[in-house]
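These notes are for someone opening the model for the first time. Please read each point with the structure in view.

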Amino acid sequence: MDPPPTLSFVVIAYNAAGLIRSTLDHLLVAVERADWHGLEVVVVDDGSTDDTVAIVEEIAATTETVIRVHRQPNQGRLAASRAGTELAHGTLVSFIGERVLMHPDSLRNLRSLLVEHPEARVWNCHIEIPRERNPQAQFWYVLTFLGWRRYLARPRLVSFGQDDFDYYPKGTGGFVCPRELLLEAYGQLVSLYDDEKSASDDTTLIRWIAARERIWMAPDYAADYLSRSGFRDFARHSFHRGTFILDSYLHPGTRLFAPLIAYFVLSPLALLAVLKKPRLLLAAPAAWLAAALGFRRMGVSSRDVRGFSLLAPVFAVVFSAGMWRGLWGLARAKVSVSLAARARGHHSDRPSGREPGL
């Protein structure tokens with residue numbers, strides 16, 4: 001039997017002093033239980049100003065697993081994950097965010113899955129969201145369940161490709177892919193924005209990969225995602241997600257392309273209608289009650305529906321603001337590209353200062 005491929009974990013961290021120890025502790029337990037030689041951890045510190053690096057170095061000094069630290073100025077998750085991939089030595093690369101806690105047997109199970117399914121080289125991690133007494137976690141759980149219930153209503157071994165990509169969970173938390181394929185994906189990645197900090201670091205990248213290799217997932221290869229618990233963090237995260245969604249889905253052929261276009265056309269009209277006739281807001285409670293009943297019929301617990309209902313109004317406002325910010329950033333990028341192209345054309349039309357033949 002051929003030995004399993006080598007595997008590098010790229011851990012993205014930014015001001016993660018309160019989380020990174022737990023993240024690495026869970027990962028190292030999974031590494032130890034997997035008995036998988038050739039594993040390493042590359043921690044990319046994206047410009048932290050707290051004790052993140054000191055904590056990582058302390059842990060690295062007490063474990064046999066190779067842990068390397070790469071420090072860079074704050075450039076965003078996309079730049080950090082790309083840098084970690086370039087530094088990785090493994091034939092496979094897996095991304096771990098500071099909020100992702102690997103289950104103890106996850107890597108042992110992944111090793112078995114790779115042996116049982118040699119054709120499956122790309123794996124998405126099954127993510128669970130602990131949500132006891134955490135309305136923010138309940139909100140994100142319901143949102144992801146509604147979007148990807150094709151899998152989440154009945155977790156099982158599945159694979160998906162480009163055609164059904166938008167109906168299954170995906171993200172860089174625990175995502176496993178051959179390093180060379182990832183580097184190729186980064187090489188072709190083009191964001192709608194001119195600022196990489198606003199660019200999608202997962203969906204666009206993984207979509208390109210799914211067009212070339214099927215992506216597999218199974219509940220045996222799993223991790224927990226620790227949702228934010230503070231209101232300010234929730235609002236900030238929702239705002240950023242509103243910006244990221246355009247980079248991920250504002251492309252013809254994606255599941256959300258038409259709804260996004262419809263939103264930008266209809267939302268100003270709806271706002272004008274409400275300002276003109278405020279009584280229209282009286283229909284909102286009835287509409288929300290109907291939605292909540294629909295969630296319950298889909299299998300969402302009443303506890304999770306309550307948490308979702310509590311934060312949905314805040315999310316709607318802040319997420320929408322992030323979307324409009326994203327549209328403004330997209331317009332700025334288009335203008336910047338147009339001006340640059342015009343400048344190049346103007347420069348190429350200038351006389352060289354010498355006549356041919358002289």
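1. A residue is called buried here when its relative accessible area is under 20%, and exposed when that area is over 50%. The model is a predicted one. With the cut-off in hand, helix α8 (residues 203–210) can be judged: eight of its eight residues are buried, so the helix is largely enclosed by the rest of the structure. The residues in question are Thr203, Thr204, Leu205, Ile206, Arg207, Trp208, Ile209 and Ala210.

2. What do the buried residues of α8 pack against? Their surroundings include both strands and helices: β6 (122–123), β9 (176–178) and β10 (215–217), together with α7 (179–188) and α9.

3. Asp201 belongs to the loop between α7 and α8. Is Asp201 buried or exposed? Its relative accessible area is 6%, so Asp201 is buried. The side chain of Asp201 makes a polar contact of 3.4 Å with the side chain of Arg77. Leaving out residues up to four places away in sequence, Asp201 touches Arg77, Leu78 and Thr172.

4. Helix α9 (residues 231–249) also meets helix α5 (residues 135–147). Their axes come within 10 Å and cross at roughly 25°. An angle under 35 degrees counts as roughly parallel, and therefore α5 is described as roughly parallel to α9. On the α5 side the contact is made by Gln136, Phe139 and Trp140, and on the α9 side by Phe231, Phe234, His237, Ser238 and Arg241. Sorted by class, the contact of α5 with α9 has four nonpolar, three polar and one charged residues. As background, an α-helix has 3.6 residues a turn, so residues three or four places apart point the same way.

5. Strand β1 (residues 7–13) is mostly covered, with seven of its seven residues buried. In a regular strand the side chains alternate between the two faces of the sheet. Both faces of β1 are covered: Leu7, Phe9, Val11 and Ala13 are buried on one side, and Ser8, Val10 and Ile12 on the other. β1 pairs with strand β2 (residues 39–46) in the parallel sense, over seven bridges. Within this pairing, Val10 stands opposite Val42 of β2.

6. A separate point concerns an open sheet of three strands, in the order β5-β11-β7, with mixed pairing. Why is one side of β5 and of β7 left without a neighbour in the sheet? β5 (100–102) and β7 (126–128) stand at the edges and each has a single partner strand, so one side of each lacks a neighbour there. From one strand to the next, the twist averages 35°. The pairing of β5 with strand β11 (residues 222–225) is antiparallel and runs over three bridges. Leu101 has Asp224 as its bridge partner in β11.

7. Thr23 sits in helix α1 (residues 20–34). With 1% relative accessibility, Thr23 is counted as buried. The side chain of Thr23 reaches the backbone oxygen of Glu98 at 2.5 Å. Apart from neighbours within four places in sequence, Thr23 is in contact with Ile96, Gly97, Glu98, Arg99, Val100 and Leu101.

8. Thr62 lies in the loop between α2 (52–60) and β3 (66–72). Thr62 is exposed, at a relative accessible area of 67%, whereas Thr23 is buried. The side chain of Thr62 reaches the backbone oxygen of Ile59 at 2.9 Å.

9. Asn15 is not a glycine, yet has a positive phi of about 45°. Asn15 is in the loop between β1 and α1 and, at 32% relative accessibility, counts as partly exposed. Arg133, also a residue other than glycine, has a positive phi near 55°. Arg133 lies in the loop between β7 and α5, and with a relative accessible area of 79% Arg133 is exposed.

Technical notes:
Residues are numbered from 1 along each chain as its sequence is written. This is a predicted model: local features need pLDDT of at least 70, side-chain atom pairs count only at pLDDT 80 or more; totals for chains, interfaces and linings use all residues. Side-chain values use heavy atoms; hydrogens and water are left out. Two strands pair if DSSP finds at least two bridges between them. Helices (H or I, at least four residues) and strands (E, at least two) are DSSP runs, numbered from the N terminus. Axes are lines fitted to C-alpha atoms, for helices over the stretch in contact, and angles run from 0 to 180 degrees between N-to-C directions. Angles under 35 degrees count as roughly parallel, over 145 as roughly antiparallel, 65 to 115 as roughly perpendicular and the rest as oblique. Contact means heavy atoms within 4.5 Å. Ala, Val, Leu, Ile, Met, Phe, Trp, Tyr, Cys and Pro count as nonpolar, Asp, Glu, Lys and Arg as charged, and the others, Gly among them, as polar. Buried means under 20% relative accessible area, exposed over 50%, partly exposed in between (1.4 Å probe, protein chains only). A polar contact is a pair of N or O atoms within 3.5 Å; within protein, one must be able to donate a hydrogen and the other to accept it, and residues adjacent in sequence count only if both atoms are side-chain atoms.
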